[in-house]
Amino acid sequence: MIKVKKSENQITITGHAGYAEFGHDIVCASVTSIATTTINAIIRIDREAIDAEAKEGLIVINVLKNEKTVDLLITNMMELLKELEKTYKKYIKIEEVHWLWIY
């Protein structure tokens, strides 16, 4: 299962979907494509807006600048991943962490 965890300024995508054998898994390919397209778009706009790492079974995006375009692209990525989750519930899970500070 692919796990997507989004907190205030970080998105972590881990694991493999297990939908099909390696190289034929449309869920893994979709998640990778969505994340890579988002990362590349943000980098083209502002190379210093994010710090991203991608390797086998792991993508980490650290948002360094909360600007309108960056936030819009991240929101778009999350919405696309949520649509994928609706169709492939067994293979992708999204968790959004919202901090609530009580004083």
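T38 lies in helix α1, where helices (H or I, at least four residues) and strands (E, at least two) are DSSP runs numbered from the N terminus. T38 is buried, at a relative accessible area of 6%; buried means under 20%, exposed over 50% and partly exposed in between, with a 1.4 Å probe and protein chains only. The model is a predicted one, in which local features need pLDDT of at least 70 and side-chain atom pairs count only at pLDDT 80 or more, while totals for chains, interfaces and linings use all residues. Residues are numbered from 1 along each chain as its sequence is written, and side-chain values use heavy atoms, with hydrogens and water left out.

Leaving aside neighbours within four places in sequence, T38 is in contact (heavy atoms within 4.5 Å) with L73, I74 and M77. Helix α2 covers residues 68-87, and its buried residues are V70, I74, M77, M78, L81, L84 and E85. These cover an arc of only 115° around the axis, taken from the directions from the helix axis to the C-beta atoms, which puts them on the same side of α2. On the other side of α2, K68, L72, K86 and T87 are exposed. The buried residues of α2 pack against α1 (26-45) and also against β1 (2-6), β2 (10-14), β4 (58-63) and β5 (92-96).

Among these strands, β2 and β4 pair in the antiparallel sense over five bridges, pairing being assigned if DSSP finds at least two bridges between two strands, and Q10 stands opposite N62 in β4. Strand β3 (residues 50-55) also pairs with β4 in the antiparallel sense, over six bridges, with K55 opposite L58 in β4. In the hairpin of β3 and β4, which has two residues between the strands, G57 takes a positive phi near 75°.

Key
The expected span of a helix is 1.5 Å times one less than its number of residues.
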